[in-house]
Amino acid sequence: MLLSNKLTIHGRKCKKSNIRQLLRNTLCPRQSQYQLRREQGMDHQGKELAEGLYWMAEKLAWGYDGTAPDPAEAFKLYRQAAGLGFSDAFIRLGQLQERGRGTPQDPKAAVKKYQEAAKAGNFLAFHYLAKLLSRGGQSEHAHVLWNRFFKDLAAHPKANFLTASTHFS
């Protein structure tokens, strides 16, 4: 049980009520514009563009295929892919913000990006949210998110999720 009204995530103070709101928003999200796009089906060109932006951002983030690493430029491309509704891009944005790569470190912004990924239907977001809360000493809240992640993982046993989580874990 928490003894204070505040908690620490990556050295920053957050109110417990914000964590409760995080759990409510993540576990019972309202339908977002990204979820609507996903349900209505992104047009073929939009999906290809979002995917292309995402993979170019991956090259820039990690510097492979002869591309020099440039996390700041990768962040911009991930943001564009996320704007088109590509849920993995939200996770990458959250990871970069959480770690301060290519953008100032901002765990609160990272939480928001992970929430957007969850709202867009990407169950990996629960993993990243739970991990962030666990690091901040919020094991009770993290436990709820871990349960949700493993429940969704069991429902999608053939999900190809290792590609999205290998670099920052």
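This note goes through a predicted model of one chain, point by point.

1. Confidence. The average pLDDT of the chain is 76, and 66% of the residues score at least 70. Two stretches have a pLDDT below 50. One is residues 1–10, which has 33 contacts in the model beyond near neighbours in sequence. The other is residues 161–169, with 22 such contacts.

2. Overall make-up. The chain contains nine helices and two strands. Along the sequence, their pattern is β-β-α-α-α-α-α-α-α-α-α.

3. The chain has 169 residues, and 44% of them count as buried. Its accessible surface is about 9200 Å², with 53% of that belonging to carbon and sulfur atoms. Among contacts in the chain with a separation of 6 or more, 57% are between residues 24 or more positions apart.

4. Length of helix α8. Helix α8 covers residues 139–155. How does the distance between its end C-alpha atoms agree with the span that its 17 residues should have? At 1.5 Å a residue, α8 should span 24 Å, and its end C-alpha atoms are 24 Å apart, so the two values agree.

5. Which residues of α8 are buried? They are His141, Ala142, Leu145, Phe149 and Asp152. These residues lie on the same side of α8, because they cover an arc of only 95° around the axis. Turned away from that buried side is a face with the exposed residues Ser139, Lys151, Ala154 and Ala155.

6. His141. This residue belongs to helix α8. His141 has a relative accessible area of 14%, so it counts as buried; the cut-off for buried is under 20%. The C-alpha atom of His141 is 7.6 Å from that of Ala130, and the two residues are eleven apart along the chain.

7. Aromatic pairs. How many aromatic pairs does a search of the whole structure find? The search finds eight. One of them joins Tyr54 and Trp55, with 5.1 Å from centre to centre and 85° between the planes, an edge-to-face arrangement. Tyr54 is buried, at a relative accessible area of 2%. Trp55 is partly exposed, at 41% relative accessibility.

8. A pair within α8. Trp146 and Phe149 also form a pair: the ring centres are 6.2 Å apart and the planes meet at 75°, so the pair is edge-to-face. The cut-off for this label is an angle over 60 degrees. Why are Trp146 and Phe149 separated by about one helical turn? The reason is that they are three residues apart in helix α8. Trp146 is partly exposed, because its relative accessibility is 24%, whereas Phe149 is buried at 5%. Phe149 is also one of the buried residues of α8 listed in point 5.

9. An aromatic cluster. Tyr54 and Trp55 from point 7 belong to one aromatic cluster together with Tyr78 and Phe86.

Key. Residues numbered from 1 in each chain as written. Predicted model: local features only at pLDDT ≥ 70, side-chain atom pairs only at ≥ 80, totals over all residues. Heavy atoms only, no water. pLDDT = per-residue confidence, 0-100. Contact = heavy atoms within 4.5 Å. Helix = DSSP H or I, 4+ residues; strand = E, 2+ residues; numbered from the N terminus. Buried < 20%, exposed > 50% of the residue type's maximum accessible area, 1.4 Å probe, protein only. Phe/Tyr/Trp six-rings, centres within 6.5 Å; stacked < 30°, edge-to-face > 60°. Expected span 1.5 Å × (residues − 1). Arc of directions from axis to C-beta. Areas by Shrake-Rupley, 256 points an atom, 1.4 Å probe, with all protein chains shown as cover.
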